[in-house]
Amino acid sequence: MMKLTSKLQLSALTLALGVSTAAQAELIITEYIEGSSNNKAVELTNRGTTTLDLTGYVLNLHSNGGTDARNPQELTGELAAGASIVIYNSRATDSFKKPAPQGIESSVTFFNGDDALTLTLNGVVVDSFGQVGTDPGSSWSGANGFETKDKTLRRLESVTTGDVITYDAFPGDAPQWQVFDKDTADGLGCDGIEACDGSVTPPVDPVDPVEPTPPVELPTAESPLVFSEYIEGGSFNKAIEIGNTSDSALDLTGYSVAMYSNGATDAKYTLDLSGSLTAKGTLVIYNKGAENAFKIADGIESNVTAFNGDDALLLLLNGAVVDSFGQLGTDPGTSWSSGDFNSKDKTLRRKNSVTAGDKVVGDAYPGAGASEWIVLAKDTSDGLGCIGDLVCPDVERVPEELPNDDECTNCPTVAKVADRNTYDENVYYANALVASDEELRGAINKDISKDQKKLTYSEVWTVVTHSDEDPTDAGKVIEIYTGRSIGKGLNAGKIGNSGDAWNREHVWAKSHGFPDQGQYAYTDAHHLRPADASVNSERSNLDFDNGGTPITEAPENAKDSDSFEPRDQMKGDVARMLFYMDVRYEGAAEDKTPDLVLVDRTGTENGTPELGKLCTLYAWHQADPVSDWERNRNDVVYEFQGNRNPFIDRPEWVQQIFGAACGDAPIINTAPTVEIPTVDAVTEGDSVSVTATAVDAEGDELTYLWTQTAGPAVEFDATSATLSFTAPEIDEDTIVAFTLVVSDGEFSVESGVSVAVEAKPAPIHPAVAAAIAYIKRILAYFAWLQSLFSKFWF
């Protein structure tokens, strides 16, 4: 059932959203897709006749009945008449994405089928999808098969203006949408209900209009027996108290309690009562897993208490109703609420003045009955066991069963699936170690996902007693936030005293993406750590960041309204656990976990798969390097779960994947450059010296290696930047050649040089030299005679 909103609240909501009946615009929401995993998209179309300036338009998300706008996506540029733009989730499959400028990747698509959207122009609503301020339960639904969960919806072409009333019932009576099967994407990017290629995608078969279901009515009976207390607390701290308001003892034969889940009209659990109840006496029914403070010695353990704040309870006498809690046949979303009355995370005590129950099971709840209850803080248990709205004195509780401190309570045996002693990094990270910078994230995900074993939540108890074992005392574990060593047997949830117990802390808060134990991330031991139960409660589901007020019980940790700061010794550990979660869980269907994303902000919304603050975590990683404790913990979890945290094994990968987002992009190493000057020809026996000039952009130390590749062998220093040698003796001119390889340790470059060596003339015999000299003199004499003859003849 949708929550009721008063006219005064609607007026305030209207003003807050800037709604105006005059705010009409040609841009409207024309397609909505809520498909598998992250296959989510919204199409906006200009159904006007002229090009539209998109400046001032913003698409907003309103989650879980909230009125605050989340993840706003501003629009820019222009949109031609009849044209469409597609806003899609970054992790959707490619068929849901359009290239820019027609496509926009945006976190505004982090919606589920029960969330609302508003399209505003300069702060004024011009269209809406869903009912802002209302949580419908799991989906908006209506006649003719209309459903927002797991469906594709296309707006009829007859609709040319948006729905500017954000708080009216949705989808209303007038049909505006055509419903298509889950993950239908062939209509994105073009207006109309047909596929973009002109084909006709078959719509979901419409269903016959359903007449409104009349309120459930059941027979009633008169009885002084009533629900006198209702507790919906932390974890399994759930109990109900039944009180006999009369002055006479009451036979309980024929009485029963029934629990109805999520709007059902058939009981999920039923408990038949027996025996008798004294005048003004009470009977407490409690959950098996509740702390002992909620268990009364003469009470009853029953699964009828397996309720949440949105379920209904009936107290029956031979099938006739004598009291009710909640509205039978209705799902309120998360809780029954009105003013201060709230059934989620609260203890409710019936006032002494109430002597007869609420027998009308189908009326709005709590209605006027809200005034019958006193609302107390979560996990208040001191009123159980006596009728009335005060604390009960001297009520006997189920005694604590303190376990052996060094033996984990109710921890099953878990077989190992890997051996740390045979771990080979080159084999385990076979993809990541050879991946390019662009491929690294995907390669790591592939390596750390393939052999992971899905643990049960009970098995997690066992694993963390090994992974977080105190190295000085095998009977204890080390708590993450307090640093305290505590007995393995004092695991919370198994004993009643949460003030001296530890529990399993989800470092990536489970409410941020994986609330169910069936999801892989919920039981991933790489981010589950022993924590003091009360300090864990202080952290709650807050983001991580610096600052805040020290926590009384663990003052090395601090918190404020939207963030938690762990002690310095754990900051790097926390960061690397969250980096692991971000890369490990990318939305794969087999993980049953959405794409987990670290964002650089605090105040992330409960229910979204986001957690912050990215760059604070990045700084913590740098300031608190990997320790031997972390390395051992990584090995232990690997043995039980089969996969590893790559940012403990290779911490430098943090910079390669997350550094750019925090202004610390990794340096991409490049090969050095080298120049070798040319050498003029030399004569045999001459000295030759040539120096190579090499430069490395990253400033890495360089090494040199010369190799002679041609000519008679000469002696030289092969590892110097300067090549020096003596030109060899030769019989005829020849070439001496060398190759130089310069390396920075990762990359190398090769170059070469050739030197022409000329042979000297052969030595002349003295007799030959004398003859040559004589001939030269004769030639000189004839030359003289010739000059004289020429002079006197003429």
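Hi everyone, let me start with glutamate 639: at 7% relative accessibility, this residue counts as buried, where buried means under 20% relative accessible area, exposed over 50% and partly exposed in between, with a 1.4 Å probe and protein chains only. Before I go on, this is a predicted model, so local features need pLDDT of at least 70 and side-chain atom pairs count only at pLDDT 80 or more, while totals for chains, interfaces and linings use all residues. Residues are numbered from 1 along each chain as its sequence is written, and side-chain values use heavy atoms, leaving out hydrogens and water.

What does glutamate 639 meet in a salt bridge? Its partner is the side chain of lysine 416, at 3.1 Å, N to O; a salt bridge here is a side-chain nitrogen of Lys or Arg within 4 Å of a carboxyl oxygen of Asp or Glu. Lysine 416 lies in the loop between strand E26 (373-376) and H2, and glutamate 639 in helix H8, so the pair ties together parts that are 223 residues apart in sequence. Helices (H or I, at least four residues) and strands (E, at least two) are DSSP runs, numbered from the N terminus. Lysine 416, at 52% relative accessibility, counts as exposed.

Now to helix H8 itself, residues 628-641. H8 is mostly covered, with ten of its 14 residues buried, among them Arg633, Tyr638 and Phe640. Those buried residues pack against helices H2 (425-428), H4 (457-467), H6 (568-584) and H9 (646-649), and also strand E31 (528-532), contact meaning heavy atoms within 4.5 Å.

Aspartate 635 is another of the buried residues of H8. Its salt bridge is with arginine 644, where the closest N and O atoms are 2.9 Å apart, and arginine 644 is buried too. Both belong to a network of salt bridges that links Arg420, Asp635, Arg644 and Asp649.

One more pair for you: arginine 441 and aspartate 582 have side chains that meet in a salt bridge at 2.3 Å, N to O. This pair links distant parts of the chain, with arginine 441 in helix H3 (residues 440-449) and aspartate 582 in helix H6, 141 residues apart. Aspartate 582 counts as buried, at 4% relative accessibility. By this rule, the count comes to 35 salt bridges.
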